[in-house]
Amino acid sequence: MKSLKNLMILLVLLSTGCAALVVGGAAAVGTYTYVAGQLQRTYNANLDATYQATLAGCEALGLPVQDKQKQLSKASVKVIDGDREVWISLTAQSSTTTEVSIRVGYLGDELASRRIHEAIQARL
């Protein structure tokens, strides 16, 4: 009976978005973290270089840019992947590292997000 109760608690936590899948370890540079439909990765590159790589990667994948904004310590890019919107958020973690978070569609798509991350990485 106790294991059933623990299972129910786990299911509630999973269904409310409190669970995270960490691939490759905790918040180290170059590892992916998939949380609440967003695939995050930290790159060893400053914000400007990562922003340019993001735009070039999206262009190489044939993802038309709908909106783009860049500020001093953060940037965002919105593209279209087929019939889904894609939101890419970039945040400077330091002068040499940038965190990039990608959400494909409203619910997220880890494989499609990973494909975009790979295109960004290839251009850094």
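Trainee: Leaving aside neighbours within four places in sequence, which residues is Leu-39 in contact with?
Mentor: Leu-39 is in contact with Tyr-32, Thr-33, Tyr-34, Val-100, Ser-101, Ile-102, Glu-110, Ser-113, Arg-114 and His-117, where contact means heavy atoms within 4.5 Å. Please note that this is a predicted model, in which local features need pLDDT of at least 70 and side-chain atom pairs count only at pLDDT 80 or more, while totals for chains, interfaces and linings use all residues. Residues are numbered from 1 along each chain as its sequence is written, and side-chain values use heavy atoms, with hydrogens and water left out.

Trainee: How far apart are Leu-39 and Ile-102 in sequence and in space?
Mentor: They are 63 residues apart in sequence and 5.3 Å apart in space, C-alpha to C-alpha.

Trainee: Why does Leu-39 count as buried?
Mentor: Because its relative accessibility is 0%; buried means under 20% relative accessible area with a 1.4 Å probe, protein chains only.

Trainee: Turning to Arg-41, where is its place?
Mentor: Arg-41 is in strand β3, residues 38–43, a strand being a DSSP run of E with at least two residues, numbered from the N terminus.

Trainee: Which side chain of opposite charge is nearest to Arg-41?
Mentor: That is Glu-118, 7.8 Å away; Arg-41 is buried yet has no salt bridge, meaning a side-chain nitrogen of Lys or Arg within 4 Å of a carboxyl oxygen of Asp or Glu. Lys and Arg count as positive and Asp and Glu as negative, with His and the chain ends not counted.

Trainee: Which residues does Ile-88 touch, not counting those up to four places away in sequence?
Mentor: Among them are Thr-54, Cys-58, Val-77, Val-100, Ile-102 and Ile-116.

Methods
Helices (H or I, at least four residues) and strands (E, at least two) are DSSP runs, numbered from the N terminus. Buried means under 20% relative accessible area, exposed over 50%, partly exposed in between (1.4 Å probe, protein chains only).
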